[in-house]
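Please look over the model first, then read the points below.

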Amino acid sequence: MQTPLEILIVGCGGFAGYHAARLANHPDANVVACVDVSKEIVSTFIAKHMGQAATTPAVETDLTAALAKHKPDGVVIAAPHKLHFEHAMLALSAGCHVFVEKPMVTAAADAWALKRKVEETGRILTIGYNTPCTPEFAYLRQVIADPHGTSGLGQLEIISAHLSQNWRQWTTSTWRQNPAVSGGGMAYDTGAHLLNSLCWAVQSRISAVFAFTDSLDTPVDVNATINVRFENGVLAALAIGGNCPAESSRMAFCFAGGRIDIDGWYGQWIEVHNAYGKVKYPKINTDQRGQSPLENFIDAMLGRDQSRTSPMDGVIQSELMDAIYESARTGQVAKPTNQA
């Protein structure tokens with residue numbers, strides 16, 4: 001595939017600006033158009049975030065028409081969560097590679113349908129997960145996948161994790177607290193980073209979930225406690241706090257022979273402990289450079305790297321989210337419906 005790649009951005013809200021600014025300065029990408037519900041929104045977005053771009057993107061308000069007109073190589077989807085499935089299916093049907101912000105979709109049935117569409121079209125679909133694009137999480141996943149390997153940590157058994165943010169305050173009066181558009185609350189938004197990191201590292205489908213959620217008088221979940229059993233037997237306990245001004249995230253992966261503590265939000269740090277104490281220099285593969293999910297998408301399109309995430313990662317996370325909300329609603333253990 002020749003460069004610069006032609007990219008279309010759909011969704012001109014808050015975090016889309018981060019992607020637009022990166023693409024405006026990327027030597028191998030050119031944003032040909034931006035799409036949202038009104039020309040005013042799109043024009044304001046372009047002026048704010050893409051002033052440094054070599055060419056000014058076209059202003060569009062209809063995704064289907066924009067895909068037919070511009071025929072982009074890739075589509076970056078940063079619209080509200082409930083629109084991800086529709087937008088991704090349209091982009092794949094148009095022959096485009098797809099980068100979709102997390103969560104991939106907001107229902108397991110849609111996740112399976114999207115996975116089948118990716119397989120049918122042979123296109124790349126990358127999800128905007130932070131941690132899979134770090135050497136630290138790559139090391140963690142390799143240790144989990146190879147319990148008899150050189151790490152000496154053995155079999156993964158149990159995980160504890162938390163993430164906190166002042167989410168309730170900063171999302172007030174936004175679409176993120178409208179379940180008809182967002183699909184859910186903190187657990188589907190910032191909290192999804194923790195759940196994505198969990199599922200991506202363990203690489204097993206979910207067996208059972210028991211969860212409590214608290215909306216704190218908002219229309220969506222703000223706080224959640226979640227217990228998970230994976231099909232491979234690993235257990236996990238998570239706490240997601242969306243009403244806490246002290247931001248933090250920490251995950252502890254406990255193995256038969258030691259423990260790995262890691263930043264579950266960005267993957268910026270890792271601590272490895274074996275039976276003798278903290279490992280001073282864990283053998284992390286420094287050849288795997290850290291990068292943003294968007295940079296990984298560009299590299300994957302150009303054949304310079306593999307996509308660090310896959311539609312199956314989105315399927316597992318969607319099955320987990322469906323089970324979390326089902327358990328919280330019923331007060332019972334929830335098990336994902338097998339839709340494979």
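The mean positions of the 26 positive and 32 negative charges of the protein lie 2 Å apart. Lys and Arg count as positive and Asp and Glu as negative, while His and the chain ends are not counted. Each charge is placed at NZ of Lys, CZ of Arg, CG of Asp or CD of Glu. This is a predicted model, in which local features need pLDDT of at least 70, side-chain atom pairs count only at pLDDT 80 or more, and totals for chains, interfaces and linings use all residues. Residues are numbered from 1 along each chain as its sequence is written, and side-chain values use heavy atoms, with hydrogens and water left out.

**Overall build**

- The protein has eleven helices and 14 strands. Helices (H or I, at least four residues) and strands (E, at least two) are DSSP runs, numbered from the N terminus.
- A compact globule of 340 residues would have a radius of gyration near 20 Å, and the protein agrees, with 20 Å. The radius is taken over C-alpha atoms, and the globule rule is 2.2 Å times the number of residues to the power 0.38.
- Along the principal axes, the C-alpha atoms fill a box of roughly 60 × 45 × 40 Å.
- Of the 340 residues, 53% count as buried. Buried means under 20% relative accessible area, exposed means over 50%, and partly exposed is in between (1.4 Å probe, protein chains only).
- The accessible surface comes to about 14700 Å², and 49% of that belongs to carbon and sulfur atoms. Areas come from the Shrake-Rupley method with a 1.4 Å probe; for residues, only the protein chains shown count as cover.
- Among contacts with a separation of 6 or more, 70% join residues 24 or more positions apart. Contact means heavy atoms within 4.5 Å.

**Helix H5**

- H5 covers residues 108-121, 14 residues in total. At 1.5 Å a residue it should span 20 Å, and its end C-alpha atoms are 20 Å apart, which agrees. The expected span is 1.5 Å times one less than the number of residues.
- Its buried residues are Ala-108, Ala-111, Trp-112, Leu-114, Lys-115, Lys-117 and Val-118.
- An α-helix has 3.6 residues a turn, so residues three or four places apart point the same way.
- The cover over the buried residues of H5 includes helix H4 (84-93), strand E6 (125-127) and helix H11 (311-330).
- Gly-122 follows H5, and its phi is positive, near 75°.

**Backbone points to check**

- The peptide bond from Thr-3 to Pro-4 is cis, with omega near 0°. Pro-4 sits in the segment before strand E1 (5-10).
- The bond from Lys-102 to Pro-103 is also cis, with omega near -10°. Pro-103 lies in the loop between strand E5 (97-100) and H5.
- Ser-173 is not a glycine, yet its phi is positive, near 65°. It is in the loop between helix H7 (167-170) and helix H8 (179-182). Ser-173 is exposed, because its relative accessible area is 75%.
- Leu-216, again not a glycine, has a positive phi of about 50°. Its place is the loop between strand E8 (206-214) and strand E9 (223-230).

**Residues in their surroundings**

- Leu-163 belongs to strand E7 (residues 156-164). With a relative accessible area of 1%, Leu-163 is buried.
- Beyond four places in sequence, the contacts of Leu-163 include Met-186, His-193, Leu-194, Ile-240, Gly-241 and Trp-265. Leu-163 and Gly-241 are 78 residues apart in sequence but 6.2 Å apart in space, C-alpha to C-alpha.
- Tyr-266 is in the loop between strand E12 (258-262) and strand E13 (270-274). Its relative accessible area is 41%, so Tyr-266 is partly exposed.
- Leaving out residues up to four places away, Tyr-266 touches Asn-130, Thr-131 and Thr-134. From Gly-241, Tyr-266 is 25 residues away in sequence and 17 Å away in space, C-alpha to C-alpha.
- Val-32 lies in strand E2 (residues 29-35). Val-32 is buried, at a relative accessible area of 14%.
- Residues up to four places away aside, Val-32 touches Glu-6, Ile-7, Pro-57, Ala-58, His-70 and Pro-72. Val-32 and Leu-294 are 262 residues apart in sequence and 16 Å apart in space, C-alpha to C-alpha.
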